[in-house]
Amino acid sequence: MFAIAIRAASAAVMLIVLASGFADAADIQVKIDNFTFNPQRVTVKVGDTVTWLNEDDIPHTVRATAGDFKSKALDTGDRYAFTFTKAGSYDYFCSLHPHMTGHIVVESVGGASATP
Amino acid sequence: MTSDHDGDGVSRRKVLECMTWAGTGVLWTVAGGVPRSLGLIDAAMAQETPGFSFLQISDSHVGFDKPANPNAKGTLEEAIGRVNALPVRPAFMIHTGDITHLSKTSEFDDADHIISQSRLDVHYVPGEHDVLDEDIKLYRDRYGRGSKGNGWYSFDAAGVHFIGLVNVMNLKAGGLGNLGHDQIAWLEADLRARAASTPIVVFAHIPLWAVYPAWGWGTDDSAQALTLLKRFGSVTVLNGHIHQVMQKVEGNVAFHTANSTAFPQPAPGSAPSPGPMKVPADKLRTLLGIRSVTFKPGAQRLAVIDTPLAG
């Protein structure tokens with residue numbers, strides 16, 4: 001419970017190492033503003049959580065091209081978090097404004113990196 | 001385009017070019033010109049042959065409350081007030097989508113309540129903001145009855161064939177608006193038996209021409225739909241989505257985008273993103289508005305008049 005509270009409280013910080021679960025699991029934030037995902041390309045490790053925060057005055061969504069994850073419509077100030085449990089390369093886009101695209105590379109904890 | 005048959009083909013083509021140019025010039029005068037002149041032209045023409053007119057409103061975004069317009073409901077009410085004050089009552093209204101901002105039941109309820117005060121039949125197509133619920137149930141239950149597929153349909157009025165298309169669903173990563181194979185196949189069947197002399201009005205939310213693809217302002221497979229419309233002598237395409245008035249003429253096809261009733265968006269490429277544009281409060285109503293479209297039998301082009309809420 002305590003760890004969850006910390007996780008929620010830290011959502012606005014770019015990179016926070018949590019002392020729970022995975023020893024070095026991190027929460028990485030992607031901002032949505034000006035109809036872009038920022039940063040557009042992120043590399044994380046298995047067990048890390050990526051949180052998207054919509055700072056536009058228009059709703060957006062986060063949807064994996066291959067269907068691995070999918071948010072509801074995020075209004076201004078809304079967040080969506082997804083924890084990556086498999087190494088790999090994930091393309092995603094906004095299903096409302098599909099010219100908005102992003103990319104997450106998930107590396108296995110052992111150090112072997114996935115092909116981007 | 002037809003090819004030249006013989007020696008006089010060149011001169012005939014020149015004549016056609018001139019006619020096209022003249023048509024374009026007239027259109028620009030009518031569509032983008034000074035409202036007062038338009039009023040005179042319209043009044044003069046109205047005395048000769050009474051036309052058939054209908055109304056377009058778009059992008060009411062009921063529920064939007066951000067700084068670009070904290071009261072989108074209020075400006076929709078003003079727009080409907082303008083509709084009710086028109087000197088000639090239109091036959092019906094079309095709404096080219098983004099009725100609501102977040103597809104909430106309360107937003108659809110509010111929009112219905114305000115728009116119904118026009119006491120006009122309204123033909124809707126959805127915008128991407130109207131289909132945010134998981135099963136797209138709210139839009140379909142209210143407006144989708146009698147439509148095909150994801151909500152497309154056609155109807156006839158005063159000899160004009162109207163086609164409502166849906167290009168805001170199943171959008172592909174990296175892409176633009178999307179009609180999809182099923183809808184294009186339906187369109188082909190819908191048009192097959194119609195005479196090329198039938199005036200056609202197509203309406204859809206996202207522009208069916210490449211206004212500015214870098215901001216997603218276009219439809220990936222619109223060329224397929226436009227190919228099916230090529231043989232018709234008069235085609236008018238009405239869109240919303242970009243919250244500003246733009247026109248373009250390509251052969252027999254005239255494209256128009258409409259103002260929003262909620263908030264303006266920047267001109268293509270003039271801002272970092274297409275997000276809502278904050279303007280001084282006294283300028284907002286000059287950038288919102290309604291549109292009336294008049295069809296006169298025998299005229300290739302429909303007369304399109306955009307009226308701002310103020311100014």
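**Close-up views of a predicted two-chain complex**

View 1. Chain B as a whole has a mean pLDDT of 86, with 84% of its residues at 70 or more. For the complex, the predictor gives an ipTM of 0.80 and a pTM of 0.83.

**View 2. Chain B carries 8 helices and 11 strands.** Of the 311 residues in chain B, 42% are buried. If you look at the contacts in this chain between residues at least 6 apart in sequence, 71% of them join residues at least 24 apart.

**View 3. The largest nonpolar core holds 77 residues.** The members that touch the most others are Val50(A), Leu165(B), Val201(B), Val202(B), Phe203(B), Ala204(B) and Val237(B). Helix H3 of chain B, residues 72-84, supplies the largest share of this core, with 5 residues.

**View 4. Zooming in on Val202(B).** Leaving aside residues up to four places away in sequence, Val202(B) touches Ile163(B), Leu165(B), Leu208(B), Val235(B) and Val237(B). Two of these partners, Leu165(B) and Val237(B), are also listed with Val202(B) among the core members that touch the most others.

**View 5. Where chain A meets chain B.** Here 18 residues of chain A are in contact with 17 residues of chain B. The chain A side of this meeting place is made up of 7 nonpolar, 7 polar and 4 charged residues.

**View 6. An open sheet of 4 strands in chain A.** Follow the strands in the order E4-E9-E8-E6, and you will find that their pairing is mixed. Strand E4 (41-45) and strand E6 (63-64) are the edge strands, each pairing on one side only. Strands E8 (residues 88-93) and E9 (residues 101-107) run antiparallel and are joined by 6 bridges. Tyr92(A) has Gly102(A), in E9(A), as its bridge partner.

**View 7. Ile136(B) in its loop.** This residue lies in the loop between strand E3 (122-124) and helix H5 (137-143) of chain B. Ile136(B) counts as partly exposed because 18 other C-beta atoms lie within 10 Å, whereas a buried residue would need 20 or more. Val122(B) is 14 residues away from Ile136(B) along the chain, and their C-alpha atoms are separated by 20 Å.

Conventions: Residues are numbered from 1 along each chain as its sequence is written. Chains are lettered from A and ligands numbered from 1 in the order in which they are written. This is a predicted model: local features need pLDDT of at least 70, side-chain atom pairs count only at pLDDT 80 or more; totals for chains, interfaces and linings use all residues. A nonpolar core is a set of buried Ala, Val, Leu, Ile, Met, Phe, Trp, Tyr and Cys residues joined through C-beta atoms within 7 Å. A residue is buried if 20 or more other C-beta atoms lie within 10 Å of its own, exposed if 12 or fewer, and partly exposed in between; C-beta atoms are placed from the backbone. Helices (H or I, at least four residues) and strands (E, at least two) are DSSP runs, numbered from the N terminus. Two residues are in contact if their C-beta atoms, placed from the backbone, lie within 7 Å. pLDDT is the predictor's confidence in each residue, from 0 to 100. Ala, Val, Leu, Ile, Met, Phe, Trp, Tyr, Cys and Pro count as nonpolar, Asp, Glu, Lys and Arg as charged, and the others, Gly among them, as polar. Two strands pair if DSSP finds at least two bridges between them.
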